[in-house]
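Q: Hi, I'd like to go through a structure with you. Can we take it in short steps?

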Amino acid sequence: MEMVVTLRGLLKSLVLVLACAVSGAAEADGSDVTCGSLVKLLNTKHNVRLHSHDVKYGSGSGQQSVTGVDSADDANSYWQIRGKAGRPCQRGAAIKCGQAIRITHMKTGRNLHTHHFSSPLSNNQEVSAFGENGEGDDLDTWTVQCDGVHWERDEAVRFKHPGTNVYLSVTGEQYGHPIRGQREVHAMSTANQHNWWRAMEGVFIQPSQEPQRHDEL
């Protein structure tokens with residue numbers, strides 16, 4: 001009888017150990033986009049990556065332009081995922097669905113931004129890069145819209161702008177000189193096929209670990 005009880009106890013312990021191992025593996029699999037990560041964001045409908053550069057709009061706000069590019073290896077397409085102003089997120093923490101974030105352009109330190117100016121090609125709402133050294137204003141805040149608990153890397157998500165109630169979008173209009181062939185990025189009031197985005201290449205920060213590299217960066 002004692003042997004049976006002992007065996008049962010050992011089996012229970014083994015089950016607990018295996019459960020913990022599986023749970024730990026799921027926690028460490030790196031499937032989420034995390035605070036501090038440096039990523040490229042792909043518009044899944046038009047297959048272009050969110051991009052910026054030190055080129056100002058010739059109309060509207062005159063702020064730094066934001067576009068979409070076909071190339072996967074342009075360094076001007078890297079953006080850092082950060083907490084909203086005054087509420088920083090913990091480095092390496094998974095970004096939650098519904099969380100308010102800032103998306104900061106790596107090369108210029110300006111934040112993804114929108115406001116009540118018309119975009120130059122489609123007459124939707126202009127999207128720009130704004131601020132200095134990662135600090136701008138309340139219109140730099142976006143919320144991540146996704147279905148689960150966290151923003152997963154292989155999941156298409158939407159970015160909604162709470163300040164003006166619009167979605168980050170691309171509908172395919174192309175610029176001429178000096179940024180010939182690049183697509184207009186703008187904001188639209190409706191949630192539709194043009195405003196799905198997915199995290200692609202980048203450096204994904206893990207809690208208390210070295211950055212996890214993905215593809216060429």
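A: What follows covers disulfides, rings, the core and a loop residue.

Q: What should I know about the model before we start?
A: This is a predicted model: local features need pLDDT of at least 70, side-chain atom pairs count only at pLDDT 80 or more, and totals for chains, interfaces and linings use all residues. Residues are numbered from 1 along each chain as its sequence is written, and side-chain values use heavy atoms, with hydrogens and water left out.

Q: How many disulfides does a search of the whole structure find?
A: Two. A disulfide here is a pair of cysteine sulfur atoms within 2.5 Å.

Q: Which parts of the chain does the pair Cys35 and Cys89 link?
A: Cys35 and Cys89 have their sulfur atoms 2.0 Å apart. Cys35 is in the loop between helix H1 (2-27) and strand S1 (38-43). Cys89 is in the loop between strand S4 (79-83) and strand S5 (100-105), 54 residues apart from Cys35. Helices (H or I, at least four residues) and strands (E, at least two) are DSSP runs, numbered from the N terminus.

Q: And what about Cys97 and Cys146?
A: They form a disulfide too, with sulfur atoms 2.0 Å apart. Cys97 lies in the loop between S4 and S5, and Cys146 in the loop between strand S8 (142-145) and strand S9 (158-161), so the pair ties together parts 49 residues apart in sequence.

Q: Which hand does each link have?
A: The link of Cys35 and Cys89 is right-handed, with 80° about the S-S bond. The link of Cys97 and Cys146 is left-handed, at -115°.

Q: New topic. Which residues form an aromatic pair?
A: Trp151 and Phe159, edge-to-face, at 5.4 Å centre to centre and 75° between the planes. Rings of Phe, Tyr and Trp (its six-membered ring) pair if their centres lie within 6.5 Å; planes under 30 degrees apart count as stacked, over 60 as edge-to-face and the rest as tilted.

Q: Is Trp151 buried or exposed?
A: Trp151 is buried, with a relative accessible area of 0%. Buried means under 20% relative accessible area, exposed over 50%, partly exposed in between (1.4 Å probe, protein chains only). Phe159 is buried as well, at 0%.

Q: Where is Asn192?
A: Asn192 lies in the loop between strand S11 (183-188) and strand S12 (197-204).

Q: Buried or exposed?
A: Asn192 counts as buried because its relative accessibility is 18%.
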